Amino acid sequence: MKVNERIKFLRTLKGWTQEELAEKLKMSPNGYGNIERGDSEITLSRLEQLANIFSIELSELLGLREVHIFNLIGSNNSNSQNLCNYSNEQLQILTEKQALIIEQQNKEIVYLKEIIELLKRDKI
């Protein structure tokens, strides 16, 4: 997963709009949208700022420790609450978040299987 995709994933996981995250970054929504689409380069200081906003380490944001991003799920997972208290729109957002989580986990599984295969080949 590319950094811009990871940023979008984390933003969605937090339930923030692009405009909300742009405001946290003190930048225009259009400028933030360019980052999320991968249309502009991200400076190290901006990456550090994003990591702080998401409450993760820079290495996690960069994907160096991608597995740890899923620790966010436990602290932000709303499934433990009564789903009857949600509107249809809120349930749709929760469903989309879960779909993103599953998609990311499937990518992680493929990645781990590739590592296993490489390790098996190295031992032969």
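How exposed is Glu-103, in terms of relative accessible area? Glu-103 has a relative accessible area of 41%, so it counts as partly exposed. The model described here is predicted.

## Overall make-up

The protein has seven helices and zero strands. Read from the N terminus, its elements run α-α-α-α-α-α-α. Of its 124 residues, 31% count as buried.

The protein exposes about 8,300 Å², and carbon and sulfur atoms supply 52% of that area. Among contacts between residues at least 6 apart in sequence, 60% join residues at least 24 apart.

## Helix α3 and its surroundings

Helix α3 spans residues 29-37, and its buried residues are Gly-31, Tyr-32, Gly-33, Ile-35 and Glu-36. These buried residues pack against three other helices: α1 (3-14), α2 (18-25) and α4 (44-54). After α3 comes Gly-38, which has a positive phi, near 80°.

## Salt bridges

The structure holds four salt bridges. One of them joins the side chains of Glu-36 and Arg-11, at 2.6 Å from N to O. Glu-36 belongs to helix α3 and Arg-11 to helix α1, so this pair ties together parts that are 25 residues apart in sequence. Glu-36 is buried, because its relative accessible area is 7%. Arg-11 counts as buried too, at 9% relative accessibility.

Another salt bridge joins the side chains of Glu-103 and Lys-107, at 3.5 Å from N to O. Because Glu-103 and Lys-107 are four residues apart in helix α7, about one helical turn separates them. Lys-107 has a relative accessible area of 37% and is therefore partly exposed. The side chains of Glu-117 and Lys-120 also meet in a salt bridge, at 3.7 Å from N to O. Both residues lie in helix α7, three residues apart, which is about one turn of the helix. Glu-117 is partly exposed at 40% relative accessible area, and Lys-120 is partly exposed at 47%.

## An aromatic pair

Two rings are described by how far apart their centres lie and by the angle of their planes. The count here comes to one aromatic pair. Trp-16 and Phe-54 form this pair, which is stacked, with 5.9 Å from centre to centre and 15° between the planes. Trp-16 sits in the loop between α1 and α2, while Phe-54 sits in helix α4, so the pair ties together parts that are 38 residues apart in sequence.

Trp-16 counts as buried at 19% relative accessibility, since the cut-off for buried is under 20%. Phe-54 counts as buried at 0%. Lys-24 lies over the face of Trp-16, at 4.6 Å from the ring centre.

## Helix α7

Helix α7 covers residues 88-123 and includes Leu-119. Gln-98 also has its place in helix α7. At 23% relative accessibility, Gln-98 counts as partly exposed. The C-alpha atoms of Gln-98 and Leu-13 are separated by 8.5 Å, although these residues are 85 apart along the chain.

Which residues form a nonpolar patch on the surface? The patch is made of Tyr-111, Leu-112, Ile-115 and Leu-119, which together have about 370 Å² of accessible area. Leu-119 counts as partly exposed, at 49% relative accessibility.

Methods. Residues numbered from 1 in each chain as written. Predicted model: local features only at pLDDT ≥ 70, side-chain atom pairs only at ≥ 80, totals over all residues. Heavy atoms only, no water. Buried < 20%, exposed > 50% of the residue type's maximum accessible area, 1.4 Å probe, protein only. Helix = DSSP H or I, 4+ residues; strand = E, 2+ residues; numbered from the N terminus. Contact = heavy atoms within 4.5 Å. Patch = residues over 30% accessible without salt bridge, like charges linked within 9 Å, V, L, I, M, F, W, Y side chains within 5 Å. Areas by Shrake-Rupley, 256 points an atom, 1.4 Å probe, with all protein chains shown as cover. Phe/Tyr/Trp six-rings, centres within 6.5 Å; stacked < 30°, edge-to-face > 60°. Lys NZ or Arg CZ within 6 Å of the ring centre and 35° of its normal.
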